[in-house]
Amino acid sequence: MTSPHTTSLPLARLRDVERSFDGTAVLRDVSLDIRPGEFVALIGRSGCGKSTLLRLVARLLEPSGGSIDATDDFAVGFQDARLIPWLRLWDNVTIGLPGTAHERHDLAERALADVQLAARVDAWPGELSGGQAQRASLARALARHPRLLLLDEPFGALDALTRLDMQDLLAALHDREGWAALMVTHDIAEAVRLSDRILVLREGRITDDVPVDRTDLDDQGRPRRHAEIEEMLRSALR
């Protein structure tokens, strides 16, 4: 059977994209497609251009060359939760969205329920733990019902156990909602655990595009070949 990821029109298409800063090339000849429902991870060493690439897709930067055609229906999640401290949680989650305060409060409560935080809908950001703040940040992104979710090291600041919990939550929401995702991460195991495809970025170029079979998972939600794939990726990054 042909995968729907290979037949649907892409939500983001990059062709021969380049980006330079002060005359120094950070990205070179980058081409990729992200299709509906596809979860794509982008890995690479620090400074290789991962976050720059994600910001280009999010239109936070303009390319120096090449072309980017991406949906307007996207949301962005960052490593830090970026909650506004003087707004209650419901107001943070729905900031910028239309509707009355009552309608937005109800929307926030539903979005926070998806990340197991409905009881904190009226809390202040300063009352949340790091893991709770990151859940709220994810709820804020998903409250917009995006077709494409752009994630820049979303769990990088969390402790190991909270990080695993957030990975489980993100995987469950992706399975249920079916949005596409492009996630930047330094964590090879995280990339293998969550993704359909893993792109390796080295010196500004995509050097490897590794498929991950998610039809056969172990009891921890990892592909059964996870150790083999992780070693392949480590070799690609050496």
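Buried denotes a relative accessible area under 20%, exposed one over 50%, and partly exposed anything in between, for a 1.4 Å probe and protein chains only. The model is predicted, so that local features need pLDDT of at least 70 and side-chain atom pairs count only at pLDDT 80 or more, whereas totals for chains, interfaces and linings use all residues. Residues are numbered from 1 along each chain as its sequence is written, and side-chain values use heavy atoms, with hydrogens and water left out.

In the UniProt record, an unreviewed entry, the feature "domain: ABC transporter" is placed at residues 12–228; UniProt positions are given in the numbering used here, feature names are shortened, and annotations may be inferred rather than shown by experiment.

Helix α5 comprises 13 residues, 130–142, and its first and last C-alpha atoms are separated by 19 Å, close to the expected 18 Å, where the expected span is 1.5 Å times one less than the number of residues. The helix is mostly covered, with eleven of its 13 residues buried. Among these buried residues are Gly 131 and Ser 137, the arginines Arg 135 and Arg 140, and the leucines Leu 138 and Leu 142.

The axes of the two helices approach within 11 Å and cross at roughly 20 degrees, the axes being lines fitted to C-alpha atoms, for helices over the stretch in contact, with angles running from 0 to 180 degrees between N-to-C directions. This angle makes α5 roughly parallel to α6, since angles under 35 degrees count as roughly parallel, over 145 as roughly antiparallel, 65 to 115 as roughly perpendicular and the rest as oblique. On the α5 side the contact is formed by Gly 131, Gln 134, Arg 135, Leu 138 and Leu 142, and on the α6 side by Thr 162, Asp 165, Met 166, Leu 169, Leu 170 and Leu 173. The crossing of α5 and α6 is right-handed, a crossing being right-handed if the near helix is turned clockwise from the far one by less than a right angle, and left-handed if anticlockwise.

Helix α2 (residues 50–57) is likewise mostly covered, six of its eight residues being buried; these are Lys 50, Thr 52, Leu 53, Leu 54, Leu 56 and Val 57. Just after α2, Arg 59 adopts a positive phi of about 65 degrees. Arg 59 belongs to the loop between α2 and β4 (65–70) and is partly exposed, with a relative accessible area of 39%. A positive phi, near 50 degrees, is also found at Glu 153, a residue other than glycine. Glu 153 lies in the loop between β6 and α6 and is buried, at a relative accessible area of 9%. Most residues other than glycine have a negative phi.

Ala 191, in helix α7 (residues 188–194), is buried, with a relative accessible area of 0%, and its C-alpha atom is separated by 5.6 Å from that of Ala 41, which is 150 residues away along the chain. With neighbours within four places in sequence set aside, Ala 191 is in contact with Ala 41, Ile 43, Thr 185 and Ile 198. Ala 119, in the loop between α4 and α5, is exposed, at a relative accessible area of 77%; the C-alpha atoms of Ala 119 and Gly 204 are 44 Å apart, for a sequence separation of 85 residues.

Around α4, Thr 94 of the loop between α3 and α4 is buried, at 0% relative accessibility, and is in contact with Arg 104, Leu 107, Ala 108 and Arg 144, again leaving aside neighbours within four places in sequence. Arg 110, in helix α4, counts as exposed at 51% relative accessibility, and its C-alpha atom is separated by 8.4 Å from that of Ala 143, 33 residues apart along the chain.

Notes. Helices (H or I, at least four residues) and strands (E, at least two) are DSSP runs, numbered from the N terminus. Contact means heavy atoms within 4.5 Å.
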